[in-house]
Amino acid sequence: MAVPSLTLHDQTTIPQFGIGVWQVPPTDSERVVSEALELGYRHVDTAQMYGNEAGVGAAISASGLARDDVYVTTKLNNSFHEPAKARESLKRSLDELGLDQVDLFLIHWPLPTRYGGDFTATWAALIELREAGLTRSIGVSNFQPAHLDTIVQATGVVPVVNQIELHPYFDNPARPATLEHGALVQAWSPLGQGGGELTDPVITALADKHGKTPAQVVLRWHLDRGDIVFPKSTHRERLAENIDVFDFTLSDDEVTSLNALDKGEAGRTGPNPDTFDWIPN
Ligand code: A2P
């Protein structure tokens, strides 16, 4: 069964499922993305910070697929929040990826304690990059509800997505705030980084019931809630397993039973965006 597409509020469409390449080493990214494309993936989520855009670009080019058939996202690194640097850095990403335009460009982290707290100027820079045609759509990542309110109030432009840490043990409170703005939610670490969720008895019981694996149940939970997911794996058999989630659905009660696994802040595995301030050298 085909991967569904969702319509973003700027009327472009995005495949609801793809491959994420966070923590895929640069030396592996071409192989991993090539295997994913062979298996039917048509959406790749990378970032300047991951250092593997060149491998992603090489895989897309080698695939022979038409440009319009692969959705490509990259993200602004933390060192390039000043508007002029944002533009330069996107041009460099396009060179690395071998593309004239990405489908989606995100501010990777809001960094509210850096740059005088002015992530709005960075957002305004992304608006210009979209107008210049270097990216088709623009969005944000790791934005807290207050950060979303700030940029929308200042510019009137709503990001098409907010990409946030989201998995059954961490039902990120930024999710409802994102949806209220009319943006879609993208889940990063959708499998909780292969941690406790995959052996949780509620999830393994649902996996047995549906004849699926725990990872497939977790991915289905995201999809059934209407969010966008791109699990990472460097293993072909897991890439195949993860895309094999379009022949079943969870009932409303089953979704609710997974919602109840939320541990609040204790379930967060990554940094808190309110305090995260890391800038690469
Ligand atoms: P690997 O790359 O060795 O396959 P997330 O996307 O939540 O960050 O999770 C990625 C982690 O989950 C990686 O450690 C990845 O390991 C592992 N993983 C990916 N797919 C599966 C799967 N189907 N079953 C178990 N673990 C998986």
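Me: What does the ligand have within reach at Gly192?
Reply: A polar backbone atom of Gly192 is 3.3 Å from an oxygen atom of the ligand. I call that a polar contact, meaning a pair of N or O atoms within 3.5 Å; within protein, one must be able to donate a hydrogen and the other to accept it, and residues adjacent in sequence count only if both atoms are side-chain atoms. Bear in mind that this is a predicted model, where local features need pLDDT of at least 70, side-chain atom pairs count only at pLDDT 80 or more, and totals for chains, interfaces and linings use all residues. Residues are numbered from 1 along each chain as its sequence is written, and side-chain values use heavy atoms, with hydrogens and water left out.

Me: And what about Thr234 and Asn242?
Reply: At Thr234, a polar backbone atom is 3.0 Å from an oxygen atom of the ligand. Asn242 uses its side chain: an N or O atom there is 2.8 Å from a nitrogen atom of the ligand.

Me: How much of the ligand does the protein bury?
Reply: The protein buries 84% of the 570 Å² that the ligand exposes when taken alone. Those areas come from the Shrake-Rupley method with a 1.4 Å probe; for residues, only the protein chains shown count as cover.

Me: Which residues come nearest?
Reply: Leu191, Lys232, Ser233, Arg238 and Asn242, out of 16 residues around the ligand.

Me: How does the shell split by class?
Reply: Five residues are nonpolar, eight polar and three charged. Ala, Val, Leu, Ile, Met, Phe, Trp, Tyr, Cys and Pro count as nonpolar, Asp, Glu, Lys and Arg as charged, and the others, Gly among them, as polar.

Me: Changing topic: is Arg220 buried or exposed?
Reply: Buried, with a relative accessible area of 10%. The cut-offs are under 20% for buried, over 50% for exposed and partly exposed in between (1.4 Å probe, protein chains only). Arg220 is in helix α8 (residues 214-224).

Me: What does the Arg220 side chain reach?
Reply: The backbone oxygen of Val245, at 2.7 Å.

Me: Now backbone angles. What's up with the phi of Gln11?
Reply: Gln11 has a positive phi of about 75°, though it isn't a glycine. You'll find Gln11 in the loop between β1 (5-7) and β2 (13-15), and it is exposed at 63% relative accessible area.

Me: And Leu111, what's its phi?
Reply: Positive as well, about 50°, and again not a glycine. Leu111 is in the loop between β6 (102-107) and α4 (119-131), but it counts as buried, at 1% relative accessibility.

Me: Last one: where is Ser189?
Reply: In the loop between β9 (184-188) and α7 (201-210). Ser189 is buried, at 9% relative accessibility.

Technical notes:
A residue is near a molecule or strand if one of its heavy atoms lies within 4 Å of it. Helices (H or I, at least four residues) and strands (E, at least two) are DSSP runs, numbered from the N terminus.
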